[in-house]
Amino acid sequence: MAAPGALEPAAGPVPGTKVELTVSCRNLLDMDTFSKSDPVVVLFVQVSGSSEWKEFGRTEVIDNTLNPDFVRKFVLDYYFEEKQNLRFDVYNVDSKSCSALKQDFLGQAFVALGEVIGSQRGRLERPLTGVPGKRCGTILLLAEELSNCRDIVTMQLCANKLDKKDFFGKSDPFLVFYRSNEDGTFTICHKTEVVKNTLNPVWQPFTIPVRALCNGDYDRTVKIDVYDWDRDGSHDFIGEFATSYRELSRAQSQFTVYEVLNPRKKCKKKKYVNSGTVTLLSFSVESEFTFVDYIRGGTQLNFTVAIDFTASNGECTWCLGGSPSPWGWPWGGCNGHCAAGLPSQPTSLHYASPYQLSAYALALKAVGEIIQDYDSDKLFPAYGFGAKVPPDGKISHQFPLNNNVENPSCAGIEGVLESYLQSLRTVQLYGPTNFAPVINQVAGIAAQVTDGSQYHVLLIITDGVISDMLQTKEAIVTASSLPMSIIIVGVGPAEFEAMEELDGDEVRLSSRGRYAERDIVQFVPFRDYVDDSGNQVLSMARLAKDVLAEIPEQLLSYMKTRDIKPRRADPE
């Protein structure tokens, strides 16, 4: 019991726990001429202590509606002691471009995560603003603390004799799953695909985390609605039924059949029986393993470095203009043939002063010092590419920085840095910028052990545009089926549009009709992480956080596609 005069703690998430945000919108602007808008919500999180906003994630696009209920959730870490500012931008998707700037802006809302959690029942509604002279509608946010349940369910359903809703054909049915909330409302958690022109659909098996279905409460009501899909978004309601995780789980030993009921029809028609039935064909549960589970089970991260030793084409614009580096750093924009591009000159991206590391060295230390903690032998193969190498001056695209072809490994990140600096003194910067040879080199090593005990991370640090784009895409598509990830850090002022294509966050990379099995590439331009005050430690921390953020998920995606479970950790 609290002491007299003390405040009782409010019910809600414990600080540091994960909170799931569900997003809906109402009465959005209609920007399409012949149909309704196709909305998507983009969430931005304000960087603590600054005015900078970073994109956190996006919902799916829902076609043809002004009142979307999005299935894709945002899962955030909640900290009571911090003000966590969020910005929700709503767009109408009119093109296949991933850029929000190329879509119609429908409005935005600013809110603190604490406001949503502290609102009644964790439910907050805010007006959307930002389009002058227009009422933009509202955004509805629902926050719920996630349970620690890590089980994943795979289930398959079919239906029989559903009501016919289309005049010229049969229905186009799909299912919508909702989990119940403590206040009696429901939150959407899954939609099946649409099966066209049938009253007896069989839906594809799908997977959903148990915490998304019922948040770990096995007796919580799960409501399932059956709809007939319509192109204009006004889907026809066929009927509904209710169940629970516990009841669904019984289907592991027997089929479960549910009557689909339409309450309106039931009230109007005395002889009404049902609007069809839905049968649960299969239901299986397995544990969702984490990155830590695999590391504890003995999976080793093998770190390989590849550094760009090419010379930029043409003359140095920074030299010609006499301009200082636009970021206030000791290096400028040159990595090329002119004197400014020589590693010994302050205008070179490879230049290291007695007081500061070069951009290449900073990127290498930022990523390497974190990854090396997960590598037991601390021996890192390190290569250079795009240079003329002694003694014969031939161009090489995968020369060992330590000059040892038989054993290119360096002892720790400091060993890699030492070999990198030594190579700068012995090779001639040249070109072209070819990524494929070193990607294929690491892929060949990764292909030797595919049982989950080894996972490879290749860091490529580059200043220019890729010369062998087609070969690089082919190499990445091939490597996507192997236990490896690729991090590309772009340094300098070059345009890196081609790199964005390799980073398949929005559009899966393909080559000659083959699609990458997984997204294994993460690209970032180093200039986005340079601290304005010149604080190198802060710059390195920012860079490492973003470039390494996708590695755990990429490792998990490989293990999952190969059905590799973590080994049991040896008892101490």
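Helices here are DSSP runs of H or I with at least four residues, and strands are runs of E with at least two, both numbered from the N terminus. The model is predicted, so local features need pLDDT of at least 70 and side-chain atom pairs count only at 80 or more, while totals for chains, interfaces and linings use all residues. Residues are numbered from 1 along each chain as its sequence is written, and side-chain values use heavy atoms, leaving out hydrogens and water.

Next, select α13 itself, residues 551-561. Its buried residues are I551, Q554, L555, L556, Y558 and M559; buried means under 20% relative accessible area with a 1.4 Å probe, protein chains only. Among the elements covering them are α5 (291-296), β25 (484-490) and α12 (536-547).

Now select I487. Leaving aside residues up to four places away in sequence, I487 touches V367, V457, L458, L459, I460, Q522, V547, L548 and I551, where contact means heavy atoms within 4.5 Å.

Then turn to helix α7 (residues 359-371) and helix α8 (residues 412-426). The two pack at an angle of about 160° between N-to-C directions, with their axes 10 Å apart. Angles over 145 degrees count as roughly antiparallel, and α7 and α8 are therefore roughly antiparallel to each other. To display their contact, select Y360, A361, L364, K365, G368 and E369 of α7 together with I413, E414, V416, L417 and Y420 of α8. These residues divide into 7 nonpolar, 1 polar and 3 charged.

Definitions and conventions:
Buried < 20%, exposed > 50% of the residue type's maximum accessible area, 1.4 Å probe, protein only. Axes fitted to C-alpha atoms, helices over the stretch in contact; angles between N-to-C directions. Parallel < 35°, antiparallel > 145°, perpendicular 65-115°, else oblique. Nonpolar A, V, L, I, M, F, W, Y, C, P; charged D, E, K, R; others polar.
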